[in-house]
Amino acid sequence: PRKCNALEALLKARFPEQYAARASEVASQRGVGLAASAGNHATGTWKALPADAHILWGVACDGCGLWPVRTEAWYDEECPDKAGFHLCGPCYTLGYHKRVITGKFNQTHLPKHRMARMAEVDCF
């Protein structure tokens with residue numbers, strides 16, 4: 001996966017000390033400076049999801065691009081576009097919906113719109 005520039009900027013602004021520490025850690029693991037790693041593919045670790053994990057296969061996050069959403073999901077109740085505007089739990093918690101006026105597919109989303117938590121049955 002590629003880095004999400006919007007999420008990276010949000011994390012850098014919200015958690016500057018932790019972001020700098022993690023960036024230094026990643027750079028030391030690669031043996032390169034931060035400038036050399038800019039724009040590369042995202043790095044990190046992964047773990048298998050439990051069999052009973054809550055996965056919303058028909059929903060992608062308009063904040064970080066996560067698909068399928070594997071946490072709680074939120075949607076814009078007032079978005080007039082068919083695609084809708086959706087966020088994963090972490091992006092909702094970070095307040096992404098209060099800082100943007102569009103989604104990944106140029107949906108009409110306004111910061112004043114109400115967001116509601118999606119139930120697992122809300123998607124296919």
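The model is predicted, so local features need pLDDT of at least 70 and side-chain atom pairs count only at pLDDT 80 or more, while totals for chains, interfaces and linings use all residues. Residues are numbered from 1 along each chain as its sequence is written, and side-chain values use heavy atoms, with hydrogens and water left out.

To start with the inside: in soluble globular proteins, nonpolar side chains tend to be buried together. A nonpolar core here is a set of buried Ala, Val, Leu, Ile, Met, Phe, Trp, Tyr and Cys residues joined through side-chain atoms within 4.5 Å; buried means under 20% relative accessible area, exposed over 50%, and partly exposed in between (1.4 Å probe, protein chains only). The largest such core has 19 residues, and those touching the most other members are Leu7, Cys61, Val69, Phe85, Leu87, Cys91 and Tyr96. Helices (H or I, at least four residues) and strands (E, at least two) are DSSP runs, numbered from the N terminus.

Then there is Asp76, which sits in strand E1. Asp76 is buried but has no salt bridge, and the nearest side chain of opposite charge, Arg114, is 7.7 Å away. (Lys and Arg count as positive, Asp and Glu as negative; His and the chain ends are not counted. A salt bridge is a side-chain nitrogen of Lys or Arg within 4 Å of a carboxyl oxygen of Asp or Glu.) A polar atom of the Asp76 side chain does lie 3.2 Å from the backbone nitrogen of Cys79.

Across the whole structure, 4 salt bridges turn up. One of them joins Glu25 to Arg22, with the closest N and O atoms 3.0 Å apart; both lie in helix H2 (residues 16-30), 3 residues apart, or about one turn of the helix. Another pairs Arg117 with Glu72 at 3.3 Å between the closest N and O atoms. Arg117 lies in strand E3 (residues 115-117) and Glu72 in the loop between helix H3 (34-37) and E1, so this pair ties together parts that are 45 residues apart in sequence. Arg114 also forms a salt bridge, with Glu78, the closest N and O atoms being 3.5 Å apart. Salt bridges that share partners join Glu77, Glu78 and Arg114 into one network.

Conventions: A polar contact is a pair of N or O atoms within 3.5 Å; within protein, one must be able to donate a hydrogen and the other to accept it, and residues adjacent in sequence count only if both atoms are side-chain atoms.
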